[in-house]
Amino acid sequence: GVPVSGRVTDPAGKPVANATVILGKYYSPNRISVSTDEQGHYRFASLALGGTVLTVTRSGLAPGLRSINVQAAMKPIDFHLEKGNTLRVRVVGRDGKPIAGVFVTPDSWRGKRVLCDLEVKGRTDSEGRWAWTWAPKDAVKIDFGLTGHVNYMSIRQLPLVAQEAEHVVTLYSALTVSGRVTDAKTKQPIPRFRVLRGSMSTGSVQQILWDRTGAKDGKNGQSEVTISQPSNAHLVRIEADGYQPEVSRQFKDDEGSVTYDFSLRKGRTLNVLIRLPDGKPAAGADVCLCPAHPGKFINMAMSVKNGRFLYRDPSRPFMKVGADGRLRIEPQDIGFLLIVLHDQGYAQVTSKELTTSPQITLKAWARLEGMVRHGTKPVPGAKLDVYPAEPYDPRWSAPDRGRR
């Protein structure tokens, strides 16, 4: 690694002791920090090469931030901190009344998410007020929310600048969507169903991200869901066994209480038989159902590493194959890719292929053996990674690494 050091001084050029120098962005696995000594010096003993960010904080002085490129023979990276500025906030509801206990967190600054764990974060007082007396002079993006409460819609990344006058921040009421869930043909209430909250992703390719971990059970045709986390668009999805799912229109953060009814139509249930390469039932195999975009499959359907799902995306359904090798797939409202993983094999099948033939036989995993030597001596414990060499198939994402 490469040592990185420097000195921190105040507006008068004097050394700043006990300043915190933080390496990396918030939530970075390599995020570490050190403190300056009595002469304002700091030092990281051994850093990896490449780009990163340094943030310096000291109560009473405005923070400092530098993007750096760690390389051999680094020159000292010094910080000259300026006098802190006061940023005042008063949080109110739409009725103008103050809201106490709102959690306030400085988040992003100068395009970097580096301020989330500062000690300045806190809650509004009984008058809805919160102040930061050593803020930078330029804009900081700040988060507002009531942890554990769903009465109000949180605010994310609100840019605010330190000034004499206080900023008045208005929290909207949480979005509540309620209504009836009925059979489209009989008009009768559906006795049991699931209610999912969804949000529209940002970026060049938009997709709906469904929160399956927070799904609610509905009954007797009555649906209600409350949403308190902001998004550029909210949606509600109703799923019921034997029925085609139905998705609501898009809702905005500030709509408050909304009535929206669902009328579900019967759909086709797929009963899929999944076998191992030797023909036996693939009992206990892991399955992920990856929904499609209109016209094309999701850019990253799912990552597979060493025969296991690398992570379990909460927006996609995961299932287990039964002891008899059978898997029941409820009606879907869009095409999908089904990925099946088992110690003995692997398969990926499109919904169109399953409709034609609801049977899957797993392909056995490939096996690669060899010897790793350093000169003539064997090397124990060496790590080997296997990467796919074939061109990308737009129907699915290639596994990020093969089995070792």
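Trainee: What should I know before reading any numbers?

Mentor: This is a predicted model, with local features needing pLDDT of at least 70, side-chain atom pairs counting only at pLDDT 80 or more, and totals for chains, interfaces and linings using all residues. Residues are numbered from 1 along each chain as its sequence is written, and side-chain values use heavy atoms, with hydrogens and water left out.

Trainee: What does the protein chain average in pLDDT?

Mentor: The average is 89, and 92% of the residues score at least 70. pLDDT is the predictor's confidence in each residue, from 0 to 100.

Trainee: Where is the pLDDT below 50?

Mentor: Residues 295-300 are one such stretch, with 18 contacts in the model beyond near neighbours in sequence. Residues 394-404 are also below 50, and that stretch has 39 such contacts. Contact means heavy atoms within 4.5 Å. Where pLDDT is low, the predicted coordinates should not be read in detail.

Trainee: Is cysteine 288 buried or exposed?

Mentor: Cysteine 288 is buried at a relative accessible area of 0%, and cysteine 290 is buried at 1%. Buried means under 20% relative accessible area, exposed over 50%, and partly exposed in between (1.4 Å probe, protein chains only).

Trainee: Which residues make the nonpolar surface patch?

Mentor: Val372, Val379 and Leu384 make a patch of about 220 Å². Patches take residues with over 30% relative accessible area and no salt bridge, joining like charges within 9 Å and nonpolar side chains (Val, Leu, Ile, Met, Phe, Trp, Tyr) within 5 Å. Areas come from the Shrake-Rupley method with a 1.4 Å probe; for residues, only the protein chains shown count as cover. Valine 372 is partly exposed at 34% and lies in the loop between strand E34 (363-364) and strand E35 (373-374). Helices (H or I, at least four residues) and strands (E, at least two) are DSSP runs, numbered from the N terminus.

Trainee: Last topic: how many salt bridges?

Mentor: The structure holds 18. A salt bridge is a side-chain nitrogen of Lys or Arg within 4 Å of a carboxyl oxygen of Asp or Glu.

Trainee: What does aspartate 286 pair with?

Mentor: Aspartate 286 pairs with arginine 312, at 3.6 Å from N to O. The pair links distant parts of the chain, 26 residues apart, with aspartate 286 in strand E25 (residues 286-293) and arginine 312 in the loop between strand E28 (308-309) and strand E29 (318-320). Aspartate 286 is buried at 12%, whereas arginine 312 is partly exposed at 47%.

Trainee: And aspartate 343?

Mentor: Aspartate 343 forms a salt bridge with arginine 308, with the closest N and O atoms 2.6 Å apart.
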